[in-house]
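Subject: Structure handover

Hello,

Here is the structure you asked about. My notes follow below it.

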Amino acid sequence: MKELYRTGDPLIWLTGGALAFSLLMVVGLIALIMYNGLGFFWPKDIVRYTLADGRQVMGQLSEREEIPQFGEGKKEPLWRIKVKQGNRDLYGADFIWINEADIKTEEKPAAAIVLERREWGDFIGVIKAVKDGATAIAAEPAEGWKALTGALAGQRRLFEEARALERDEVGAISYDQEKLRLANRALKLKGAKDDDPRITANLAGIDKLHKDYEAVMERVGAIRAKLTWTVVLTGAGGVEKELPLYMIVRAVKPNELSVFGKAGVYLSKIWEFISADPRESNTEGGVFPAIFGTVLMVMVMSVAVTPMGVLGAFYLREYARQGVFVSAVRIAVNNLAGVPSIVFGVFGVGFFIYFVGGSIDSLFFPEALPTPTYGTGGILWASLTLALLTVPVVIVATEEGLAAIPRNLREASLGLGATKFETMWRVVLPAVMPSILTGLILAMARAAGEVAPLMITGVVKLAPSLPIDGYFPFLHMERKFMHLGFHIYDVGFQSPNVDAARPMVYTTTLLLLGIVLALNLSAIVIRNKLKKKFATSAV
Amino acid sequence: MNQTESTIQPEPALRPGRESGRAAARPSSSFDTRLRADKIAKVMVTVGGIAIIASILAILFVIIIEVYPLFQDPEAEPGVTMAAVEGAAPLLIMVDEYQQAGLAVDANGLRKMTLVSREWGGRIALGALGGATVTSATRHQREMALGLSDGRVMRLEAEFTTTYPEGGQRHVELNVNADEPVTVRADGQPVRLIAYSPGEEGQIIAAATGAREVSLARTVESRSLMGGGEKEITVTRFGADTKGDITALTMDLRGESLFIGTAAGELVRVSLVNPQTPLHVETVTVTPGAPVSVLGFVFGGRSLIVGDGKGGVSGWLLTRIGEGVETRLQKTCEFAPHAAGVTAFAVSQRNKGFITGDSGGGVRLHYATTERTSLAFSTDGPVASLAMAPKYDALWAITSTGGLRQWTLDDPHPEISLKALFGEVWYEGYTKPDYVWQSTGGTDDFESKYSLSPLIYGTLKGTFYSMVIAIPLAVLGALYTSQFMHPSIRGVVKPTVEIMAALPSVVLGFIAGLWMAPMMEKIAPGVLLMPLVITAVILLSVTLWRAAVPGRVKRRLTKGAELLVLIPLTLFGGWLSIRLGYGIEELFLRGDYRVWLKEVAGITFDQRNTLVVGFAMGFAVIPIIFTISEDSLSNVPSHLSAGSLALGATPWQTAMNVVLPAASPGIFSAIMIGFGRAVGETMIVLMATGNTPVMDMSLFNGFRALSANIAVELPEAPEQGTLYRVLFLAALLLFCMTFIVNTVAEVIRLRLRRRYSEL
């Protein structure tokens with residue numbers, strides 16, 4: 001025994017154990033997110049549970065856990081299940097816990113369907129009738145299903161049409177109205193009188209736009225009048241509910257679907273997740289605005305951070321006189337990468353938003369005050385804050401690249417009579433490009449995953465419009481935006497119905513993780529290629 | 001990283017001169033252009049580079065600029081002076097929000113003041129006064145109570161209304177509404193002192209007549225069903241049970257207690273809860289031998305300020321004794337004393353500031369929360385009366401000769417002092433001085449509590465527990481990876497850990513808050529057992545391995561292949577400790593450890609607690625410590641370990657006695673950098689703790705960290721306000737903490753690198 005411990009093997013094993021534990025944590029975490037994130041969209045079968053007291057519950061099994069038992073003595077383990085019963089408007093809650101001991105029978109009724117609705121979450125039930133206005137079209141589950149799926153697309157298209165009118169045309173009208181109103185304010189600020197012809201012309205314009213608005217609303221009303229189809233459903237326990245068809249986003253009959261059918265639903269749900277707007281205070285629908293916001297913010301940040309980082313690195317390594325001062329600056333820049341991101345956020349609030357933004361507002365947008373235009377959080381300020389946060393990453397990567405370029409390359413260029421600038425521009429910069437790219441990708445990965453500084457510089461839970469749209473100047477850098485990371489925080493922690501939202505959060509997490517890891521992996525790949533390249537060319 | 005020569009210039013010999021004969025091959029103008037381009041580029045890169053680096057470093061500067069006003073001393077400038085008005089000097093003055101108009105109460109009644117033109121205005125007729133004169137006056141916001149020379153008291157309301165006529169200047173109008181006077185002494189004794197309370201159930205006026213006698217006039221509005229109440233006024237009179245004559249009088253806002261100051265230095269509290277029989281509750285001595293000359297409440301009606309004849313100014317609170325409802329007067333703070341006896345007092349109507357004046361003409365500005373006396377002025381004679389402008393932007397003083405002086409005040413952050421930020425402060429409603437962070441409250445008179453101590457404590461607490469988890473795992477893991485692992489496996493392990501570093505903290509926070517917290521609640525005892533159990537499992541298996549597996553097989557296994565065995569072993573150990581945890585809970589902890597904790601140790605259990613944060617933040621810190629430690633361990637020159645092994649040391653002995661000591665500065669700096677990351681981590685602490693700012697080292701409670709506090713409160717903080725600046729101060733603290741720690745770590749690392757190259 002003593003001999004065994006003298007070899008040190010047990011202690012080596014212990015250090016290995018520490019490593020194993022860390023590795024298990026990483027792998028476990030990623031597996032957990034994948035499992036929860038990927039499984040959510042798979043249509044689960046609908047089960048009808050009949051309980052011992054005669055009650056019926058119909059829904060999708062979501063979780064099973066042991067019931068904690070207190071007190072003395074060994075007991076048989078008891079289990080309970082969590083069923084997603086939907087129909088929040090009727091039952092009050094999406095989920096219900098059932099003790100397994102109470103379940104008498106369980107069956108999978110073929111006629112049961114899940115309707116994904118625009119409001120109130122899912123409805124789970126059996127079709128009783130399908131109607132067009134007062135006319136009954138079908139009165140039996142199988143026929144009703146046929147009628148429902150037949151009419152659904154048409155009704156939904158009409159609904160979308162009305163919504164598009166409201167969003168685009170009415171949006172354009174109110175945008176123009178606001179512009180005229182601000183123009184009038186600006187004129188008045190410049191001292192124009194109320195009876196100034198320009199002001200009266202603008203007022204007339206506002207009136208005319210209001211008439212346009214009424215005309216559009218009339219068209220909307222005409223379309224709305226055609227949304228007459230409804231479906232009557234019976235939920236578990238015999239409750240009935242009549243739903244207009246246009247309120248239904250998707251109708252699925254999971255118990256009759258084959259694996260391929262389910263895979264189709266799965267893919268269509270994933271597509272909706274990526275491409276649609278969120279519904280029901282972000283707990284349902286898609287995350288498209290958040291993806292868009294994240295990507296745009298990272299792009300704006302890249303545009304800002306690349307020249308800054310490259311210029312800084314070239315100065316530090318190629319132009320500055322090397323010495324104690326430059327080393328100190330270098331250490332300081334390196335250490336800024338370790339300063340908490342929230343501190344950068346605070347700087348962004350104090351400097352960008354209130355100082356720079358406030359000045360821009362009072363110089364260029366006095367007519368909109370006191371409503372701030374640039375003097376409040378927005379995508380530009382968030383991007384610039386993150387650019388500052390990540391500039392040390394680019395500087396360090398570029399500097400490393402510059403240090404790795406063999407000296408004879410430079411000397412050859414200078415020897416041939418090129419000036420220093422020409423050497424830098426034609427020889428050094430192309431050689432260092434891959435390092436710059438590595439740094440940039442690392443910076444993008446860091447920026448995509450940061451949330452804390454964004455929370456105070458312009459991220460919101462629900463942005464009314466994207467930062468890019470069809471109105472001049474098309475890119476609206478002052479607008480607030482949505483972000484995947486903040487979406488996770490908001491839906492997971494601020495949402496009123498955390499239970500129902502949780503799978504959604506896992507999926508969003510998976511998406512964010514995928515983006516961040518893909519960026520990191522590509523940086524690693526580029527770095528490794530780079531190492532090989534210089535390993536052969538170095539002296 | 002080599003230092004590349006950066007000052008390479010084209011050799012002078014190669015530089016074709018302008019006079020060179022090769023002008024035909026290379027036109028000199030184009031060469032000039034090239035040289036100029038080179039110069040311009042050099043200037044641009046230098047200027048741009050310096051600008052960028054400066055702007056990065058400007059972060060610190062901008063934050064300091066925003067924080068600085070917090071610590072600026074308040075400033076006061078002498079403003080308006082007005083000569084004495086003919087007749088008696090005013091007893092009391094009141095000014096409007098814009099300091100345009102004012103109202104003065106003097107012996108003969110009310111007089112308007114036009115402050116913009118510095119003129120005394122005309123009298124406001126008070127018919128009810130009759131032939132009497134005003135002998136005492138007090139004020140609560142826009143309500144006033146006057147004591148008259150014929151034993152009557154009178155309530156009135158004075159209100160300034162501001163209007164902006166079309167295209168004109170701001171216009172302030174004064175409206176006075178006087179109630180019918182109430183007789184408290186039919187025999188016509190003058191009312192010496194008066195106190196007023198709006199009361200919970202109706203206004204109360206307390207009047208001191210004679211030496212030790214107080215009369216109370218209570219108005220109760222009886223509401224009838226028809227609407228429109230009938231006012232009923234009851235007058236009670238009682239003799240105060242004091243040693244000295246009554247010299248000061250005040251009442252709390254609810255009209256429940258009357259406070260009497262006496263010539264003998266007593267402060268007496270009389271309960272008015274029972275309207276018919278005022279009850280003498282307690283007597284305390286303020287300053288022995290000094291008469292109590294001034295009594296009053298600061299804004300909010302909780303802190304009682306007492307000024308005495310020797311110039312002392314102190315703050316008192318009614319604090320609860322023990323668990324019951326009984327309260328006692330307790331001195332909570334003492335302000336810088338005046339040189340002469342205190343004669344006048346006025347409170348701010350928007351914060352806990354107040355001013356006191358003395359018989360020698362001194363005026364001082366105090367702040368109740370911070371116990372600070374921040375300004376002192378002097379006037380030319382004894383101070384008769386004081387007033388504070390409603391916006392806390394000016395002070396007004398009336399000397400006994402009737403002259404009026406104003407000082408404009410610039411004190412944007414009176415509630416901040418070093419003591420308020422970091423020390424213990426006795427807040428209103430607390431039973432002892434405490435460290436409290438509570439930036440906003442429901443009411444206007446809320447006392448903001450800006451102690452950063454609980455937040456710093458929370459930050460350090462979270463950091464401490466996460467380091468406890470991260471350091472052993474990361475350092476031991478790095479030791480194993482660098483010393484005992486086959487390079488081919490290392491090629492898989494290192495990127496895996498690097499991926500761990502790339503995980504966004506919002507993801508870790510989400511998993512910690514929504515998955516780990518409920519999970520941990522079920523298995524907390526098992527988790528605490530885990531280090532012990534896993535260690536035991538591994539030690540046991542290594543013994544079995546040695547005993548059972550023949551040497552032949554062992555030798556054929558690659559070095560570092562233990563990891564393949566260790567992963568299932570660790571999993572098994574984890575599972576075993578959770579089972580054991582259940583067992584222990586069943587056997588020793590009465591079946592539920594949370595109940596046990598509450599009953600035996602008095603610890604409450606929060607689901608989102610420090611244990612969860614420790615794991616999640618440990619997870620974020622492990623890859624940082626691991627990567628840097630691993631680098632410095634594997635960069636130890638290999639001839640050192642080779643020599644040690646050749647001399648017969650085992651790999652373990654070599655690792656412990658040769659490699660580890662050589663790399664220890666690197667590991668230290670790894671830990672420092674990990675510490676820096678944990679201190680500033682925001683999303684994890686925000687999502688995985690309850691964010692309650694408590695100071696408590698318990699593993700099962702949450703906390704609130706500086707970083708999370710900024711993220712939560714900055715969006716709500718008005719620009720340039722106190723909260724805004726305090727949050728900037730919190731950011732400054734975080735910046736300094738991490739910057740210093742990282743710089744030290746970086747310097748250590750650079751020195752280590754130099755040492756390696758020397759070895």
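The contact between the chains takes 102 residues from chain A and 109 residues from chain B; contact means heavy atoms within 4.5 Å. This is a predicted model, in which local features need pLDDT of at least 70, side-chain atom pairs count only at pLDDT 80 or more, and totals for chains, interfaces and linings use all residues. Residues are numbered from 1 along each chain as its sequence is written, chains are lettered from A and ligands numbered from 1 in the order in which they are written, and side-chain values use heavy atoms, with hydrogens and water left out.

**Chain A against chain B**

The size of an interface is often given as the accessible area lost when the parts come together. Here, chain A and chain B bury about 9,500 Å² between them. Carbon and sulfur atoms give 78% of that. (Buried area is the accessible area, with a 1.4 Å probe, that two parts lose on being put together, summed over both.) On the chain A side, Trp13(A), Leu19(A) and Phe493(A) lose the most area to chain B. Together they make up 8% of what that side buries.

The rule finds two salt bridges across this interface. (A salt bridge is a side-chain nitrogen of Lys or Arg within 4 Å of a carboxyl oxygen of Asp or Glu.) Lys522(B) and Glu65(A) meet in a salt bridge, at 3.5 Å from N to O. Seven residue pairs are in polar contact between the chains, both residues at pLDDT 80 or more. (A polar contact is a pair of N or O atoms within 3.5 Å; within protein, one must be able to donate a hydrogen and the other to accept it, and residues adjacent in sequence count only if both atoms are side-chain atoms.)

Helix H2 (residues 9–39) of chain A gives the most to the side that touches chain B, with 22 residues. (Helices, H or I, have at least four residues and strands, E, at least two; both are DSSP runs numbered from the N terminus.) By class, that side of chain A has 66 nonpolar, 21 polar and 15 charged residues. (Ala, Val, Leu, Ile, Met, Phe, Trp, Tyr, Cys and Pro count as nonpolar, Asp, Glu, Lys and Arg as charged, and the others, Gly among them, as polar.)

**Two domains in chain A**

The domain assignment of chain A gives domain 1 (132–272) and domain 2 (288–533). Such bounds come from an automatic or database assignment. The C-alpha centres of the two domains lie 38 Å apart. Eight residues of domain 1 are in contact with seven residues of domain 2. The two domains bury about 570 Å² between them, 61% of it on carbon and sulfur atoms. Tyr175(A), Leu182(A) and Arg185(A) supply 66% of the area that domain 1 buries against domain 2, more than any other three residues. Across this domain interface the rule finds zero salt bridges. It also finds zero residue pairs in polar contact there, both at pLDDT 80 or more.

**A buried helix**

Helix H14 (residues 484–493) of chain A is largely enclosed by the rest of the structure, because ten of its ten residues are buried. (Buried means under 20% relative accessible area, exposed over 50%, partly exposed in between, with a 1.4 Å probe and protein chains only.) Among them are Phe486(A), Tyr489(A) and Phe493(A).

**Salt bridges inside the chains**

The structure holds 58 salt bridges over all chains. Lys84(A) forms one with Asp122(A), the closest N and O atoms being 3.2 Å apart. This pair links distant parts of the chain, with Lys84(A) in strand E3 (residues 79–84) and Asp122(A) in strand E7 (residues 122–132), 38 residues apart. Lys84(A) is partly exposed at 21% relative accessibility. Asp122(A) is buried at 11%.

Asp94(A) forms a salt bridge with Arg88(A), at 2.9 Å between the closest N and O atoms. Asp94(A) is buried, at 5%. Arg88(A) is buried too, at 18%.

**Loops in chain B**

Leu272(B) sits in the loop between strand E17 (266–271) and strand E18 (279–285). At 2% relative accessibility, Leu272(B) is buried. Beyond four places away in sequence, Leu272(B) touches residues including Leu216(B), Met251(B) and Pro278(B).

Arg118(B) has a positive phi, near 55°, and is not a glycine. Arg118(B) lies in the loop between strand E4 (109–114) and strand E5 (119–124).

Best wishes
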